[in-house]
Amino acid sequence: MIIDDVLEGRVEFGLVGAKTRQRSIFQEPLFEDELAMIVASGHPWAGRTSVTLDELSREPYITRKSGSGTLLTIRDLLARQAYHLHDFNIISEMGSTAAVVNAVLAGGAVSIVSRVAVSENVKTGSLKALSIAGLSLSRTFYRTRHMNRSLSPLGKRFISFLKNARPPAPAQVDDKPHRGWGKYLCGN
């Protein structure tokens with residue numbers, strides 16, 4: 001995962017969707033993102049705008065691989081509501097957002113991913129993005145680097161660009177406004 005790559009020096013810095021407890025890592029907020037529960041267009045919930053956590057916990061669910069920022073965020077958000085992912089009907093664990101989306105598109109299961117990552121699928125109607133009643137699915141993306149390593153001149157310039165550049169104008173994703181760099185940095 002990205003944190004491991006930063007710790008082991010394979011990358012200078014990364015952008016991650018959750019805080020880490022690693023003492024050797026420095027993180028600073030970069031932009032806000034929103035997650036959404038997704039279903040395929042043929043799913044019985046496709047005509048709905050939201051579901052409850054009780055309903056979601058019983059539905060076949062596809063999760064991200066352990067260590068993913070999305071998974072860490074979901075676990076934290078659920079814990080705040082006295083729910084645990086291990087109580088869900090998890091049928092598969094996937095290594096990437098694209099793999100999760102493809103599995104949901106195949107039908108029968110649901111998942112939670114970034115709204116931005118599925119914006120094209122939602123626009124075309126192949127997926128439906130739903131909210132979860134009583135649960136805010138917001139998260140922060142963090143610029144993440146090793147505390148004890150110096151950045152290259154190029155790395156410093158890129159980080160300066162990210163800090164100083166005005167983020168793109170808000171975009172509409174499934175009738176929800178999105179601000180910041182998320183649209184450009186959260187790919188499938």
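**Notebook: strand partners and a Phe cluster**

I started at the end of a strand and found that Ala40 stands opposite Leu127 in strand 7. This is a predicted model, so I kept in mind that local features need pLDDT of at least 70, that side-chain atom pairs count only at pLDDT 80 or more, and that totals for chains, interfaces and linings use all residues. Residues are numbered from 1 along each chain as its sequence is written, and side-chain values use heavy atoms, with hydrogens and water left out.

**Strands**

I looked up what strand 7 (residues 127-132) pairs with. Strand 2 (residues 25-40) runs antiparallel to strand 7, over four bridges. Strand 3 (residues 50-51) also pairs with strand 7, this time in the parallel sense and over two bridges. There, Val51 stands opposite Ile132. For a pair of strands, DSSP has to find at least two bridges between them. In the whole protein I have seven helices and 10 strands; these are DSSP runs numbered from the N terminus, with helices being H or I of at least four residues and strands being E of at least two.

**Aromatic rings**

How many aromatic pairs does the structure hold? I get three. Rings of Phe, Tyr and Trp (its six-membered ring) pair if their centres lie within 6.5 Å; planes under 30 degrees apart are stacked, over 60 edge-to-face, and the rest tilted.

Phe13 and Phe158 are stacked, because their ring centres are 5.9 Å apart and their planes sit at 25°. Phe13 is in strand 1 (residues 13-16) and Phe158 in helix 6 (residues 153-164), so this pair ties together parts that are 145 residues apart in sequence. I also noted that Phe158 and Phe161 are stacked, at 6.2 Å centre to centre and 25° between the planes. Those two are three residues apart in helix 6, which means about one helical turn between them. Phe13, Phe158 and Phe161 make up one aromatic cluster.

Buried or exposed? Phe13 is buried at 17%. Phe158 is partly exposed at 39%, and Phe161 is partly exposed at 45%.

**Whole protein**

Of the 188 residues, 45% are buried. I also looked at contacts (heavy atoms within 4.5 Å). Among contacts with a separation of 6 or more, 75% are between residues 24 or more positions apart.

Technical notes: Buried means under 20% relative accessible area, exposed over 50%, partly exposed in between (1.4 Å probe, protein chains only).
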